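Hi everyone, thanks for coming. Please have a look at what I'm putting up now, and then I'll walk you through a few places in it.

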Amino acid sequence: MQSITQRVAAELAISPHQVAGALGLFGEGATLPFIARYRKEATGGLDEVQLRDVRDRARYLEEMEERRAVILASIEEQGKLTPGLRARIEAADTKQALEDLYLPYRPKRRTRATIATERGLLPLADLLWAGEVNDAGARARAQAFVCPEKEVPDVEAALQGARDILAERVAEEAELRGGIRNLTRRKGVLWARILKGKEDNPGATRFRDYFDHTEPVTSVPSHRMLAIRRGEAEDILRWSIEAPEEEAMTLVRTRALEGRAAREEMGRVAEDAYKRLLKMGVEVDLRLELKESAEEEAIRVFGVNLEQLLLQPPAGEKCVIGLDPGFRTGVKVAVVSRTGALVATATLFLHQEDRFRAGLMGLLERHKPEMVAIGNGTASRETETLVKAVVGARSGECPVVVVVNEAGASVYSASDVAREELPEVDVSLRGAVSIARRLQDPLAELVKIDPKSIGVGQYQHDVNQPRLKARLDETVQLCVNRVGVEVNTASAPLLSYVAGIGPTLARNIIDFRDTRGGVSSRGDLLEVQRLGPRAFQQAAGFLRVRGGVHPLDATAVHPERYSVVERMAAELGTDVGGLVRNEALLGRLEGQLPRYVSGDVGLPTLRDILEELRRPGRDPREAFEAPAFRDDVTELRHLKPGMILEGVVTNVAAFGAFVDVGVHQDGLVHISQLADRFVRDPNQVVQVGSKVRVTVMEVDLERNRIGLSMKSNPEPRGVRKPSGSQEGGQGGGREATRQTSVPLPRTPLPLPLRTRRR
């Protein structure tokens, strides 16, 4: 049997040396970001995705080996472990295959077969199984098993009991069960129906695409599976998997009749084995398989979207006015400094236009902001229009006005983090602070919010919550460490995601820097309470100390490699500071790197060091560029088929991408409309936060849905107005205003992914 290392290497098409190196580091407690960045020699340069795959696959195989040992011990304890069975169990290569082999030996509740065995009918069943008697002979031999005291009153009861034993035996054969499962997986059909009497249920309209829906099991995408499961959970839908019954029965009948003379009896055994036991058992297996597959895909999509959102370009250290729009309660305003400190707050009302203009003009004159950030919720376009009018009326340089995705801002406002950061600020104003700060640095601000509240997921409440949390937390950690963290200004939530830190050490670092008046070098961190050498090794390279004692403290060069850089500088006749950004000296080093290879310092590390010296502390995120919405398109009713608009991708799902075009309602670019070519994965074409040009294909005013296209020559379809009305408006309150929308489907599409929440 292959070792776990060999098997992982073969499955992922990498070398056993790389797998062994990665697993060894994980086993020592090293974090994924640290291994990917600073241990390339040990892993052969595996990236973050490959390292995650190695770790997760090895974990699966380790769990399988543990289960294999438990199964072998259990069967051996029963005295039923033959050499042949042991060999089959040791050769099983999936958890499902192991469970199929263990099924006949697993302790179970009383079944018809166990009851028949208790009544002494096992020998009769074995006689039929051995093929020693035909149907007439079976009836004759069954006479000897008639015993009213054992509740076997006649020959038919005896034969029925024997058939019950054999039906279970057939249904529990691993090869047959696996064959039926594979057949159903390949040729089965999923069907969904609305439950009788649920047609008028207020929540049923969300599932109308699945009232009478069928499709092959092989083609069911994750979002559709999750939508159908949600409909079942809400007692609206019923769904099942229909197997190719004739083919399945042929397989079962062939196995049951193989070499046996009692054809009629064994035929009845086959039918009972399939219809009573196998069919339902296989359907349960496949329902679980579809559920887990759909969940894993949804979790993967959520992770990809979250990464793209967190790594959106930052506007940088600029003074920003943040506006949290609203009609009834007013527009909440917060001014933050270049470092994100709160400077001033106010509340302005759109219906008091003169006061709004005067109030905003006063803030602009006093604080001279470089940018204005407006949340994209209720009243955002009305607020944007008025703000641009005020800004345009000023003389001199005007601040840039940007509409910002405000998802999760209200969650932050009421959080413990917000109470700690802004204890004297009213909860209604904290959202404006968050909006301003997330324009400055989306990553630094969004890490303060539970990722599930940011609004880039797909059915996040319907999937495995521990797995979702683990994936999202790791995604945030990878993003934070990829960018790096300034230790003297970072918030506790941001520091907590640095490799090796966590919430407790993050708090200790902040207490330490507050007490000391700041951190002057990475080495100072070794004095932080409970931050030992292991945590320092994992974290130091991702922490930045700008203006620190050592020139490399502001770079991604790890302290354990400072001596290498110092040697390079000395041999070039300069100090480390003189080497940084000195292209002439760095160019000379280019061809000399092999001279510095030693021990665990190889060329990959040396190349990374050289690149970091060229661009110290480089932010990997792209340059910021503000999106622009059309001023004449602010509501859903303004949209007309054929319009070409600029928008921002707010969410990417397996079936397409949702795009904000500035009308409080996201439109859907179905996967078939993403490009002129075939697209298998929407992430190959678009990313959360990216700007796109779209054509309006279809507008459904009644259902608040917008169909968009990114094709070069799409064919728009039209506008559907609400029944009984001449014109559609934008309804709903603050929390419902930015509900994700989908166009009228030609084929079944999922439920809307989420309501755009604050």
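Let's start at Asp272, which lies in helix H15; helices here are DSSP runs of H or I with at least four residues, strands are runs of E with at least two, and both are numbered from the N terminus. Before going on, a word on the source: this is a predicted model, where local features need pLDDT of at least 70 and side-chain atom pairs count only at pLDDT 80 or more, while totals for chains, interfaces and linings use all residues. Residues are numbered from 1 along each chain as its sequence is written, and side-chain values use heavy atoms, with hydrogens and water left out.

Back to our aspartate. Is Asp272 buried or exposed? Asp272 is buried, at a relative accessible area of 19%. Buried means under 20% relative accessible area, exposed means over 50%, and partly exposed is in between, using a 1.4 Å probe and protein chains only. And what does Asp272 touch, once neighbours within four places in sequence are set aside? Its contacts are Arg112, Asp164, Ala167 and Leu277, where contact means heavy atoms within 4.5 Å.

Next, helix H14. Its 13 residues (245-257) should span 18 Å at 1.5 Å a residue, and the end C-alpha atoms are 18 Å apart, which agrees; the expected span is 1.5 Å times one less than the number of residues. Which residues of H14 are buried? They are Ala248, Met249, Val252, Ala256 and Leu257. Seen down the helix axis, these buried residues fall within an arc of 145 degrees, so they line one face of H14; the arc is that of the directions from the helix axis to the C-beta atoms. As background, an α-helix has 3.6 residues a turn, so residues three or four places apart point the same way. The cover over the buried residues of H14 includes helix H11 (155-171), helix H12 (174-187) and helix H15 (263-310). After H14 comes Gly259, with a positive phi near 70 degrees.

Now for the other sheet I want to show you. It is open, has five strands in the order S6-S5-S4-S7-S8, and its pairing is mixed. Strand S6 (342-348) and strand S8 (400-404) are the edge strands, each pairing on one side only. From one strand to the next, the twist averages 20 degrees. Strand S4 (residues 320-324) pairs with strand S5 (residues 331-336) over five bridges in the antiparallel sense, and Asp324 has Lys332 in S5 as its bridge partner. Helix H16 (residues 353-367) packs on this sheet, touching S4, S5, S6 and strand S7 (371-375), with its direction at about 170 degrees to that of S6. Helix H20 (residues 427-440) lies across S4, S5, S6, S7 and S8, at about 50 degrees to S5.

Last stop: two arginines. Arg530 is not a glycine, yet it has a positive phi of about 70 degrees. Arg530 sits in the loop between helix H24 (502-516) and helix H25 (533-539), and is exposed at 65% relative accessible area. Arg581 has a positive phi too, near 65 degrees. You'll find Arg581 in the loop between helix H27 (576-579) and helix H28 (583-590), and at 59% relative accessibility it counts as exposed.

Definitions and conventions:
Two strands pair if DSSP finds at least two bridges between them. Axes are lines fitted to C-alpha atoms, for helices over the stretch in contact, and angles run from 0 to 180 degrees between N-to-C directions.
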